[in-house]
Amino acid sequence: MIGRARQRLQALQWLARPRQPEALPVQLDRHRIYVLPTGFGLFLAGLLATMLLGALNYNNNPALLLALTLAATALASAVYAHLQLSGIRLEALSAEPVPAGAPIQLRLALARTGTRPRRALQVSHEDVRATVNLSTDSQVEADLALPTTSRGWLDISRIRITTTQPLGLVRAWSWFWPDAPLLVYPAPETNAPPLPDTGTTSTRTRVHPMGDELQQLRAYRKGDALRTIAWKHSARRDGLLVREYERPVGSELVLDWQQLHALPYERRIARLARWVDDAEREGRRYQLRLPGNPAIGPAVGDAHRHLCLRALALLPPA
């Protein structure tokens, strides 16, 4: 019976405000805050009704005064719970993209109007919850780890904020529905082959402590490894000299969608995502070629990786 009642409430929640996604920032007001008694509040209401009937029946003034005082306290707690949410503002939300299947960390920036402290506020999205306090700081962050299942845009449904302060007799709640979809990268292939050999050659080199060829000798700097000191050359000078080596940067990779024609659609995306990560890990310059998109790169770095994985994530379904 309780399960059916909960399902009915979940069906009715779509009648509550807001009824569509809204741009940030959003502030809660009295038109979108809802208050209902908790189980303990219903028990207290029944107890007070019994006390009132008994006091009136037996003309017991002290009992009548006690029942009315407790009823006034319960009503005041309901007003206080409403005021706990009134004026709360969702300033912004953000999340770093993650591969599909990994939880995405959603950060909500909450602020308040006035100086009234707001304690034990519970922010939830489906089964994920976090508790925040707006007591001394003017702005706090609530972190929610949302599950992800597929690549592309993750649409955020309504986020609930609720409180049972101060006495737990009533529950006040409201909803945020931010119009801010989150990006989910494709899940990289787990056992992908090594990077392909296709690409254009490059004669560029860079200084590397484990390089193969000697580039130059320079003056010793604090922190240099002792094995890099050129003792024979230093003996002819007044100070220590250190060897600097160089290593070829390597060829510029071309990660081409058409080269993976033998793989299924989603497997191509997963393999290219793995190769993008591998190229970044090795410091290789790479170019990504996808159907219907201009070539991305060649380049290397976090910004280039994001552009490539974003393009893979937003490819249309097979």
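# Exercises on a predicted model

A search of the whole structure, a predicted model, finds two aromatic pairs.

**Exercise 1.** Classify the pair formed by the rings of Trp257 and Tyr265.

*Solution.* 
- Step 1. A pair of aromatic rings is described by the distance of the centres and the angle of the planes.
- Step 2. For Trp257 and Tyr265, the ring centres lie 5.3 Å apart. The limit for a pair is within 6.5 Å.
- Step 3. The ring planes stand at 70°. Planes over 60 degrees apart count as edge-to-face. The pair is therefore edge-to-face.

**Exercise 2.** Are Trp257 and Tyr265 buried or partly exposed?

*Solution.* 
- Step 1. Buried means under 20% relative accessible area, and exposed means over 50%.
- Step 2. Trp257 has 5% relative accessibility, so Trp257 counts as buried.
- Step 3. Tyr265 has a relative accessible area of 25%, so Tyr265 is partly exposed.

**Exercise 3.** Check the span of helix H2 (residues 39–58).

*Solution.* 
- Step 1. Count the residues: H2 has 20.
- Step 2. Look past the end. Asn59 follows H2, and its phi is positive, near 55°.

**Exercise 4.** Which residues of H2 are buried, and what do they pack against?

*Solution.* 
- Step 1. List the buried residues of H2: Gly41, Leu44, Leu48 and Ala55.
- Step 2. Look down the axis of H2. These buried residues fall within an arc of 60°, so they line one face of the helix.
- Step 3. Recall the geometry. An α-helix has 3.6 residues a turn, so residues three or four places apart point the same way.
- Step 4. Find the partners. The buried residues of H2 pack against strand S2 (34–37) and helix H3 (61–85).
- Step 5. Turn to the other side of H2. Exposed residues there include Leu42, Phe43, Thr50 and Tyr58.

**Exercise 5.** In what order do the five strands of the open sheet lie?

*Solution.* 
- Step 1. Read the order: S2-S11-S10-S6-S7, with antiparallel pairing.
- Step 2. Find the edges. S2 and strand S7 (128–134) each pair on one side only.
- Step 3. Take one pairing. Five bridges join S10 (residues 159–163) to S11 (residues 170–176). Thr163 has Ala172 in S11 as its bridge partner.
- Step 4. H3 lies across S2, S6, S10 and S11, at about 20° to S11.

Note on methods: Residues numbered from 1 in each chain as written. Predicted model: local features only at pLDDT ≥ 70, side-chain atom pairs only at ≥ 80, totals over all residues. Heavy atoms only, no water. Helix = DSSP H or I, 4+ residues; strand = E, 2+ residues; numbered from the N terminus. Expected span 1.5 Å × (residues − 1). Buried < 20%, exposed > 50% of the residue type's maximum accessible area, 1.4 Å probe, protein only. Arc of directions from axis to C-beta. Contact = heavy atoms within 4.5 Å. Pairing = 2+ DSSP bridges. Axes fitted to C-alpha atoms, helices over the stretch in contact; angles between N-to-C directions. Phe/Tyr/Trp six-rings, centres within 6.5 Å; stacked < 30°, edge-to-face > 60°.
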